[in-house]
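Please open the model in your viewer and keep the selection panel at hand.

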Number of protein chains: 2
Amino acid sequence: MPLTTGPGVLRHEDPHLGERLARSARATGGVATSPEQFEKWFAERGAAQVHDVTRIPFSRLRNWSFAEDTGNLVHDSGRFFSVAGLRVEVDEGPVRQWSQPIILQREIGLLGIAVREIDGVLHLLMQAKAEPGNPHGVQLSPTVQATKSNYTGVHRGRTVPYVEHFARAEPRRVVADVLQSEHGAWFYRKRNRNMVVEVGPEVEAGDDFCWLTLGQVQQQLRIDHRVNMDARTVLSCLPGFDTDGPALHTRTEIVSWITANQAVHDVDTTVVGLRDLPGWRQTDMSISHERGVFFDVIAVDVVANSREVSGWTQPLIEPHGVGVVAMLVKRFDGVPHVLLRARIEPGYLDAIELAPTVQGTPENHAHLPGPLREQLRDIERHRHTGRVLFDAELSEEGGRFHHSRSRYTIIEVGDDHPDEEPPGFRWMTLPQITWLLQHRHYLNVQARSLIACLRACLD
Amino acid sequence: MPLTTGPGVLRHEDPHLGERLARSARATGGVATSPEQFEKWFAERGAAQVHDVTRIPFSRLRNWSFAEDTGNLVHDSGRFFSVAGLRVEVDEGPVRQWSQPIILQREIGLLGIAVREIDGVLHLLMQAKAEPGNPHGVQLSPTVQATKSNYTGVHRGRTVPYVEHFARAEPRRVVADVLQSEHGAWFYRKRNRNMVVEVGPEVEAGDDFCWLTLGQVQQQLRIDHRVNMDARTVLSCLPGFDTDGPALHTRTEIVSWITANQAVHDVDTTVVGLRDLPGWRQTDMSISHERGVFFDVIAVDVVANSREVSGWTQPLIEPHGVGVVAMLVKRFDGVPHVLLRARIEPGYLDAIELAPTVQGTPENHAHLPGPLREQLRDIERHRHTGRVLFDAELSEEGGRFHHSRSRYTIIEVGDDHPDEEPPGFRWMTLPQITWLLQHRHYLNVQARSLIACLRACLD
């Protein structure tokens, strides 16, 4: 890339970005799109993108089959993803050794939101997009969800709309661009590129797209199953909220504590074949845990009414029960702090990532000892005694997970809540978390979702 | 950890740390230790720690053997490290597919330097330490080089001196604490914890230890094979040099460019057995590449004159030739910028890390096409036309590598040098690099060494 030297060649970070985002967050009534226009558009897109999803036996999958050598569930092309087995040994928790099915998807996908100034206010180009695993049809999604092949142009296929604004983004137009992990319990080392790029007035919203202010998107976050996981993680990586302020721990102490947790934990994982995975039973309808907990691997037939594709079949992961994803917030000297936890999941690239205060599914732990049941009870108690800042049922990526539902909750606790940090927990401020989110793999996808929601509560 | 609330519970990063380190860097004549005292001490320690190292056949290794199933070279205890095979496929470079021996060492070790104020000036507690692979006996080393077992106390063995100051560091005393990678060409996903901790006046220097100012240590960096790799990497992680200033690219742009490089490159590695590795020949004396390039795996017998251990045998990696590790620096509007490269190495946790402008060993590439030979010629040319800021022959970790020598060079080029950034290269300022070094795995170990040296040139 050619550069020109001489006076003025050096630059600083945009000092106005924080204020521009804050102004967009305050514009909850919309600027380019009124609330009525938005609801009408969203209902129309829901009617236009209907997925008829039927559960089928694995033997009726088209272009997917169990590999002869490993028993892995793979696509004939070798592309998309596959389901293999993972053998895990960890040094913490009620169960230290287990095997499980795991999704392998090595390529780094792109999740991108285009932003544009309209009438002096930043707007986000949100997409209404249906996925076969979504509990209720379409959800608000990023401008672009693209595979690597889509955005590097290796395979010439149908072009993903707007992908060129991300794949060939002018560096100065990039607002955020960072790798983040996905669910470490279900994916093996999967990462996505989370991008926000500012575009010019020449970019307009197509049928499935709508310009919304940050405030409008934040309001939608509060509606059950309305904003998809991909949009939530990109929103969490927005900069401009990271003014260094006072905190219980300095940034150096926070990174030191994370480093210590990475260094002391042993997480040993081996990818193995899906066939004969200890503790799991395979029929033609599902691969399930022998206790009926955690999740099933299933197959679905999808009939879509859209113009592009008529239908397809694919495997999905169907988690059991409704997850609980909860964060406690407490003010110290008036400054809100979030209680994050260093959490081991077998699919992380590193040993740990920072997770919400509590993350788990009650049904999965009913038969196990350990502190999770008590933590879940604590959260139920806090729902009544604390100030509930956020509470909605949200779902995970519907292209991989079938009706994956979790109740996402943020509760502000009072001064009577103990200040203590149990081992593996730390209170951090929102500016500190925003600072961490400029870099890869500090916060897990559940924590990122809640941080996107928390900004909507505190701004 | 109990906390106390109430006024004054919140804190800020130490605003004086940068100035305290700068003052220590200016004290090149020493405060606690005069240059003469230092030289006398260092010579004495060199005489006191003599390693008599003899090459032996693998069959004469004690407690090490080739595993029956894999052919891997392993220790009977399963501890320390092992040598296995790695199958690699990459999407860039003259060779896209190969197999090679690789060191497996999963545990995260600790490299720590204790700092203490003496007469108002920060001093670093440096150790004189011999390693069997060092070209010339003892080198200046961190206060502590400890395995995980040493610092978590899992195995009760001989205690490593000063380790308790790092293992149980009071959070506010931590100056730096970050995971960093080691050589991705020789190690598979090896990381070390790089720590700097401030200690009080009660900590004194034992026989093998010496309090030196940062300026004194920086002077020693200029002497061939004087400061070891472990000390160099810890020095590179020192904070206080990261005042945000103007630059060719903003921090957001730098991270975006790194993210793009991580996302587009495919690096596919599989750990395999050491036996019958394609392209490598094994005799009782060595495992060598069939062209006689890259490195050999060898075995040595070590006789030490120290009190603690009488002697041992171990495998070592013996690289061929003398490496070239060089960085170009150019001023833009008076602000120095370093030309870093996004480099693929098979042992990184991620696809790429940032490396010096040029990094390679001429002998290894004589038979290969590709741009490295031209880059090495360019560096030789710059040695004559540019301003050589730093030039010394340094060695890598002598506990794993036998006489691993590289010429580390920093050259400031003039305005006539093109501003252009070839694909995969970026100009960055020292504050930007210091900012990246607060987080894990951005810069590779060679780049970190040169950054420690560059600070000595520019301060």
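A salt bridge is counted here where a side-chain nitrogen of Lys or Arg lies within 4 Å of a carboxyl oxygen of Asp or Glu. The model you are looking at is predicted, and over all chains the structure holds 54 salt bridges.

Select Arg193(A) and Asp177(A) to begin: the two form a salt bridge whose closest N and O atoms are 2.8 Å apart. Because Arg193(A) belongs to strand E11 (residues 191-198) of chain A and Asp177(A) to strand E10 (residues 174-181) of chain A, the pair ties together parts that are 16 residues apart in sequence.

Next, select residues 17-26 of chain A, which are helix H1, together with residues 214-221 of chain A, which are helix H5; the two helices pack at an angle of about 55°, and their axes are 5 Å apart. H1(A) is therefore oblique to H5(A). If you show side chains, the residues that make the contact are Leu21(A), Ser24(A) and Ala25(A) from H1(A), and Leu214(A), Gly215(A) and Gln218(A) from H5(A). Sorted by class, this contact has three nonpolar and three polar residues, with no charged residues.

Now bring both chains into view and turn to the contact between them, to which chain A and chain B each give 66 residues. The area buried between chain B and chain A is about 5800 Å², and carbon and sulfur atoms give 49% of that area.

How many salt bridges does the rule find across the interface of chain B and chain A? The rule finds eight. Polar contacts between chain B and chain A come to 29 residue pairs, with both residues at pLDDT 80 or more.

Finally, colour the side of chain B that touches chain A by element: those supplying at least two residues each include helix H3 (148-152), strand E19 (335-344) and helix H7 (251-264) of chain B. H7(B) gives the most to this side, with ten residues. Coloured by class instead, the residues of this side divide into 28 nonpolar, 18 polar and 20 charged.

Notes
Residues are numbered from 1 along each chain as its sequence is written. Chains are lettered from A and ligands numbered from 1 in the order in which they are written. This is a predicted model: local features need pLDDT of at least 70, side-chain atom pairs count only at pLDDT 80 or more; totals for chains, interfaces and linings use all residues. Side-chain values use heavy atoms; hydrogens and water are left out. Contact means heavy atoms within 4.5 Å. Buried area is the accessible area (1.4 Å probe) that two parts lose on being put together, summed over both. A polar contact is a pair of N or O atoms within 3.5 Å; within protein, one must be able to donate a hydrogen and the other to accept it, and residues adjacent in sequence count only if both atoms are side-chain atoms. Helices (H or I, at least four residues) and strands (E, at least two) are DSSP runs, numbered from the N terminus. Ala, Val, Leu, Ile, Met, Phe, Trp, Tyr, Cys and Pro count as nonpolar, Asp, Glu, Lys and Arg as charged, and the others, Gly among them, as polar. Axes are lines fitted to C-alpha atoms, for helices over the stretch in contact, and angles run from 0 to 180 degrees between N-to-C directions. Angles under 35 degrees count as roughly parallel, over 145 as roughly antiparallel, 65 to 115 as roughly perpendicular and the rest as oblique.
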